[in-house]
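Subject: Structure for you to look at

Hello,

Here is the structure I promised to pass on. Please open it and keep it on screen while you read the notes below.

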Amino acid sequence: MRTSKKLLNVTLCILLSLLCSSLTPVKKGDPTWIRREYRDAFYPKDKFLIGFQVAENTTAELKEENLVNLKQLAKNELAESVSVRIESVNKLDIGSSSGASYENFKQNSTSFSNVSLSGVKVENHHDEKKQVLYVFAYVNIKELLQNNRDKISSYIEKIKSTKQQAENNIAAGNVALAKKELRRILPTFREIEELYSVSITLGDKVGMDYSEFLSLETDISKLMNQLNNREIASVKELASEIASTLSDQVKVSNQGLLLENFTFEDTKMGSKFSRKLNQLLELELSSEGMFKVRNTESPSNKYVITGTVWENEGQLSVISILRDIESGSIIGSSDSKINISALNNLSYKPQNLQQAMMVQQQFSSDVIENSGLSLEVITNKGNNSPIFAMGDIMSLYVKANRPCKVRFIYHMADGTKVLLLDNYTIGQHQVNQMVKVSQEFQCYPPFGIETLQAFARTGTNFEPLNTTDQQGYVFINDDIETINAKNRKITTENSEIEGAEEVAFAEKRVLITTLPAN
């Protein structure tokens, strides 16, 4: 037995030596993880989630300031890598690894954001001579999954305990307290759903009795309906119910809040109903005195509300989630029901839904994870399912943490593809700044779901696309598959042995809903 173990250790050492000898040597004093080939070798994607960020022109005086920013960007990249994997999960993956249906998974994973993942480790290295700061964040998937299991188990017990307390208070006639207790447990359901989605995506069976979880959710919903004892009769009443529920869960005053448009099921697409609910909810939340509500990004925003709308047997289930922006944690949630007949024919589904879904599937094919480059792209109405009406002006803003080239492509509702900007240069003086793109664009027909694609890379320009100039626009003749292949081509330029830097890459998509004026 000892001999076998010794032979195994010797074999592993030999394999490790062979692996290291096949990789390009790093400069003395540099950690191996600053090179992509070493990260791929020692932190394989089936065992680790990783984030890698670089800040150039980092002097000793700027090191600490840049380090804080880079650490957060690297952690965000970890979460985004999970989002990319979630998009690629299919029905077979869910059916073989969990007790949830594919529909359950879609609803659970739709709200996934840049949450705080457990067990993340962060390392950094400052090359004083080159004035380059490197940050590497990673988490062992096996450890992350175990943490998720432990949290889910704890949260289930918390829900059971709260349910029992609420039932006791109802029996004692303390209805108001029971209602508050039930409302305050709603965010815990969202936490479980999110942890569950991440774990399933990463290949874990979790071990949770999902039927028990659904039963608890149903029981809580029935108790809430019993206490409310009325149906929501209008979109205005729906907005009031959402605001009232959140006010029972969170005690804040006059805090900055980003209110995003609620989207239809797992599509991340808006509608006329989304627009009206957003307008009414803004009024309700402002009148409560808890929040200063905004519809665009701002450094003053401390919280964000997102929401989804799910169709079920003549009703809409409207789920909201309130997050702390800095930590990503869920601190509030509501789940309200409204009969479709109460909408007075207000459209709750996106226009051109089926076509838009097919296009989004094409975008999600052969996606590569961002590496070494952080890219933000927003409109003057935000970047999470913004809604533009006839005549509205759309402005674009872009932010990158390194000098790079950015390509903007706009996919219109009728399938037309427009090259808005090509090889737009983010210079060193614009790094980590929100740069307004000089061109502005006006909303006009055809209306429906449209997509802004942005690709960024360091080094040379993007590979040219096949285009046609017409009436002041540059139309793209290539299909989406060809466009993605050309834009995601990030082979290393020159030779790293000669000191050339690896090509960093990032991709962002913004789904935009365009509507008639009324």
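First, a term: a residue is buried under 20% relative accessible area, exposed over 50%, and partly exposed in between. Keep in mind that this is a predicted model.

**Two residues in one loop**

Glu 265 has 18% relative accessibility, so Glu 265 counts as buried. Glu 265 lies in the loop between strand S5 (263-264) and H10. Lys 268 is also placed in the loop between S5 and H10.

Now check the backbone. Most residues other than glycine have a negative phi. Glu 265 has a positive phi, near 45 degrees. Lys 268 is not a glycine either, yet its phi is positive at about 60 degrees.

**The whole chain**

The chain has 518 residues, and 50% of them are buried. Its secondary structure comes to 12 helices and 19 strands. Take the contacts with a separation of 6 or more: 73% of them join residues 24 or more positions apart. The chain exposes about 24600 Å², and carbon and sulfur atoms supply 49% of that area.

**The largest nonpolar core**

In soluble globular proteins, nonpolar side chains tend to be buried together. Here the largest nonpolar core has 37 residues. Those with the most contacts inside this core are Phe 262, Phe 273, Leu 277, Leu 285, Phe 291 and Val 318. Which elements supply at least two residues each? They are helix H9 (235-249), strand S4 (255-259), helix H10 (272-287), strand S6 (291-294), strand S7 (301-312), strand S8 (315-324) and helix H11 (353-364). H9 gives the most, with six residues.

**A three-stranded sheet**

Next, find the open sheet with the order S10-S12-S15. Its three strands pair in the antiparallel sense. Which strands stand at the edges? They are S10 (375-379) and S15 (435-442). Each has a single partner strand, so one side of each is left without a neighbour in the sheet. The twist averages 20 degrees from one strand to the next.

Look at one pairing in detail. S10 and strand S12 (residues 393-400) are joined by five bridges. Ile 378 has Tyr 397 in S12 as its bridge partner.

**A hairpin**

Strand S13 (residues 404-411) runs antiparallel to S14, and seven bridges join the two. Ile 409 stands opposite Leu 419 in S14. Five residues lie between the strands of this hairpin, where Gly 415 takes a positive phi near 95 degrees. Is strand S14 (residues 417-426) mostly covered or mostly open? Mostly covered: eight of its 10 residues are buried.

**A cis peptide bond**

Most peptide bonds are trans. The bond joining Pro 445 and Pro 446 is cis, with omega about 0 degrees. Pro 446 sits in the loop between S15 and strand S16 (448-457).

**Cysteines**

A disulfide is a covalent bond between the sulfur atoms of two cysteines.

Best wishes

Key:
Residues are numbered from 1 along each chain as its sequence is written. This is a predicted model: local features need pLDDT of at least 70, side-chain atom pairs count only at pLDDT 80 or more; totals for chains, interfaces and linings use all residues. Side-chain values use heavy atoms; hydrogens and water are left out. Helices (H or I, at least four residues) and strands (E, at least two) are DSSP runs, numbered from the N terminus. Buried means under 20% relative accessible area, exposed over 50%, partly exposed in between (1.4 Å probe, protein chains only). Contact means heavy atoms within 4.5 Å. Accessible areas come from the Shrake-Rupley method with a 1.4 Å probe; for residues, only the protein chains shown count as cover. Two strands pair if DSSP finds at least two bridges between them. Axes are lines fitted to C-alpha atoms, for helices over the stretch in contact, and angles run from 0 to 180 degrees between N-to-C directions. A nonpolar core is a set of buried Ala, Val, Leu, Ile, Met, Phe, Trp, Tyr and Cys residues joined through side-chain atoms within 4.5 Å.
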